[in-house]
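Thanks for coming. Please keep the sequence and the model in view while I go through this fold.

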Amino acid sequence: MCLAVPARVIELLADDRATVSLSGVKVACSLALVEGVEVGDYVIVHVGYALSKLDPEEAERTLALLAETGTLPASDAA
């Protein structure tokens, strides 16, 4: 089973890449598949690629559900 998760963009990088944060873990991902991403946006990330932008409220609800199930720590809302 594969899981794509919401992550917040914290830095835009060169070559259609960004640094995203998920539960305090910062990783680089490709933005090649998504247009108009800005710092502070949430994106759905799977295997190093942002697949789409996500409404902030929906991202926070999803992260809260993942935390509730024990999949993620509860402190990722920011």
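Of the 78 residues of the protein chain, 33% count as buried. Buried means under 20% relative accessible area, exposed means over 50%, and partly exposed is in between, with a 1.4 Å probe and protein chains only. This is a predicted model, where local features need pLDDT of at least 70 and side-chain atom pairs count only at pLDDT 80 or more, while totals for chains, interfaces and linings use all residues. Residues are numbered from 1 along each chain as its sequence is written, and side-chain values use heavy atoms, with hydrogens and water left out.

Next, the overall layout. The protein chain has one helix and five strands, in the order β-β-β-β-β-α along the sequence. Helices (H or I, at least four residues) and strands (E, at least two) are DSSP runs, numbered from the N terminus. Among contacts in the protein chain with a separation of 6 or more, 37% are between residues 24 or more positions apart. Contact here means heavy atoms within 4.5 Å.

Now the strands. Two strands pair if DSSP finds at least two bridges between them.

The hairpin of β4 and β5 has two residues between the strands, and Val47 in the turn has a positive phi of about 45°. Strand β4 is mostly covered, since four of its five residues are buried.

What does the largest nonpolar core consist of? It has 11 residues: Ala7, Val9, Ala18, Val20, Cys29, Leu31, Val34, Val37, Val43, Val45 and Ala50. At least two residues of this core come from each of β1, β2 and β4. A second, separate core of eight residues includes Val5, Ile44, Ala59 and Leu66. For the term itself, a nonpolar core is a set of buried Ala, Val, Leu, Ile, Met, Phe, Trp, Tyr and Cys residues joined through side-chain atoms within 4.5 Å. A general point to keep in mind is that in a regular strand the side chains alternate between the two faces of the sheet.

Thr19 lies in strand β2 (residues 17–22) and is buried, with a relative accessible area of 13%. Leaving aside neighbours within four places in sequence, the contacts of Thr19 include Arg8, Ile10, Lys26 and Ala28. Ser30 sits in strand β3 (residues 25–30) and counts as buried at 9% relative accessibility. A polar atom of the Ser30 side chain lies 3.1 Å from the backbone nitrogen of Ala32. Not counting residues up to four places away in sequence, Ser30 touches Asp16, Arg17, Gly48, Tyr49 and Ala50.

Helix α1 (residues 56–68) has 13 residues, which at 1.5 Å a residue should span 18 Å, and its end C-alpha atoms are 18 Å apart, which agrees. The expected span is 1.5 Å times one less than the number of residues.

Which residues of α1 are buried? They are Ala59, Leu63, Leu66 and Ala67. These four cover an arc of only 100° around the axis, which puts them on the same side of α1; the arc is that of the directions from the helix axis to the C-beta atoms. An α-helix has 3.6 residues a turn, so residues three or four places apart point the same way. The buried residues of α1 pack against β1, β2, β4 and β5 (49–54). On the other side of α1, Leu65 and Glu68 are exposed.

Last, the helix ends. At the start of α1, a side-chain oxygen of Asp55 reaches to within 3.1 Å of the backbone nitrogen of Glu57. Glu57 is partly exposed, with a relative accessible area of 47%. After α1 comes Gly70, with a positive phi near 85°.

Key:
Polar contact = N/O pair within 3.5 Å; in protein donor to acceptor, adjacent residues only side chain to side chain.
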